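The sequence and structure come before the comments.

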Amino acid sequence: MSAQSTKPETRDFTIRAVKTIAAFERTNVTDTLLGMSLTFVAGAINAGGFLAVGQYTSHMSGIFSSMADNLALGSLGLASLGLLGFLPFVMGAACSAMLINWGRRHHLGSRYAMPLMLESFLLLGFGILGWLAHPSPGFVAIAIPLLCFIMGLQNATVTKISGARMRTTHVTGIVTDIGIELGKLLYWNRNPHNPDRIMADREKLRLLLLLLASFFIGGVIGAVGFSHVGFLFALPFALLLLLLAGPPLAEDAATLARRMTKP
């Protein structure tokens with residue numbers, strides 16, 4: 001078969017993969033594409049958000065540690081401020097679980113797309129609000145909980161989608177898993193025919209490296225974009241999430257419309 005004859009098939013496969021990135025029927029391809037997209041967004045919002053509001057919002061380890069430090073130093077006010085990041089992150093994760101489980105209960109194909117659509121709207125609100133209100137202290141008090149809610153929402157969504165194989169905001173876990181797989185890869189098996197020999201999961205290692213690279217690239221782009229463009233730089237990321245969530249939601253809407261028009 002010639003190269004030209006395979007191009008339409010390859011193009012159709014790519015289009016189908018993109019349209020089903022957030023669909024409830026999962027494949028390795030759609031999991032990888034979704035994971036890379038969301039780690040890219042998380043890296044951008046985390047790095048750009050730090051430049052915008054002076055706080056990393058994707059990882060709870062640092063926030064929780066700062067709460068413990070401030071509590072030990074007697075800074076109760078600063079310790080309590082950490083709750084402005086911790087509690088919204090938990091609430092975002094809980095919101096994702098509620099939306100996904102509600103969608104599953106109602107047999108919706110957009111069960112995973114709904115949290116992404118919500119995240120898109122919240123990022124849009126963050127960008128517009130920052131453009132209008134920054135640098136007022138009131139904006140920072142709203143922005144940090146909002147970004148933490150978004151990160152919790154996203155991390156829980158991809159955790160549910162992938163069966164806990166992927167995290168998009170938890171780089172510590174990604175790097176740890178990379179180290180584990182590298183240890184397996186470098187392990188010397190004395191007997192290569194031993195059925196219990198140590199073997200690295202090369203596909204998993206490849207996925208983890210792609211996620212790490214996506215987070216880093218997103219962080220660089222987010223830092224540059226937010227520092228030069230400002231808060232409106234959140235809008236392209238909101239649009240990306242909208243494009244990911246749109247096809248499953250549109251399909252469910254079309255199905256509902258057909259049911260309503262049946263005699």
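**Comments on the model**

1. Helix α7 is followed by G163, which has a positive phi, near 65°. Helices here are DSSP runs of H or I with at least four residues, and strands are runs of E with at least two, numbered from the N terminus. The structure is a predicted model, in which local features need pLDDT of at least 70 and side-chain atom pairs count only at pLDDT 80 or more, while totals for chains, interfaces and linings use all residues. Residues are numbered from 1 along each chain as its sequence is written, and side-chain values use heavy atoms, with hydrogens and water left out.

2. Helix α7 itself has 26 residues and reaches 38 Å from its first C-alpha to its last. That is close to the 38 Å expected at 1.5 Å a residue, where the expected span is 1.5 Å times one less than the number of residues. Since 20 of its 26 residues are buried, α7 is largely enclosed by the rest of the structure. Buried means under 20% relative accessible area, exposed over 50%, and partly exposed in between, with a 1.4 Å probe and protein chains only.

3. N155 is placed in helix α7 and, at 10% relative accessibility, counts as buried. Leaving aside neighbours within four places in sequence, N155 is in contact (heavy atoms within 4.5 Å) with F89, R167, T168, T169 and H170.

4. The largest nonpolar core has 47 residues, of which L34, I45, L123, F126 and F237 touch the most other members. Such a core is a set of buried Ala, Val, Leu, Ile, Met, Phe, Trp, Tyr and Cys residues joined through side-chain atoms within 4.5 Å. Two or more residues each come from α2 (28–53), α3, α5, α6 (113–133), α7, α8 (171–186), α9 (202–228) and α10. The largest share, 10 residues, belongs to α7. With neighbours within four places in sequence left aside, L34 is in contact with I21, R26, L116, I161 and L244.

5. The largest pocket holds about 450 Å³ of space. A pocket is an open set of points on a 1 Å grid over the protein atoms alone, where a 1.4 Å probe fits and protein lies on both sides within 12 Å along at least five of seven lines; lining residues have an atom within 4 Å of a point. Of its 19 lining residues, G109, S110, P248, E251 and D252 are the closest to the centre of the largest pocket. Helix α10 (residues 234–261) gives the largest share of this lining, nine residues.

6. How is the lining of the second largest pocket made up by class? It has nine nonpolar, seven polar and no charged residues, whereas the lining of the largest pocket has eight nonpolar, six polar and five charged residues. Ala, Val, Leu, Ile, Met, Phe, Trp, Tyr, Cys and Pro count as nonpolar, Asp, Glu, Lys and Arg as charged, and the others, Gly among them, as polar. Q55, I63, L81, G82 and I144 lie nearest the centre of the second largest pocket, and α3 gives the largest share of its lining, five residues.

7. G82 lies in the loop between α4 and α5 and is buried, with a relative accessible area of 10%. Not counting residues up to four places away in sequence, G82 touches I63 and M67.

8. H107, in the loop between α5 and α6, has a positive phi of about 60° although it is not a glycine. At 68% relative accessibility, H107 counts as exposed.

How values were computed: Grid points are joined across faces, edges and corners, and a volume is the space filled by probe spheres set on the points.
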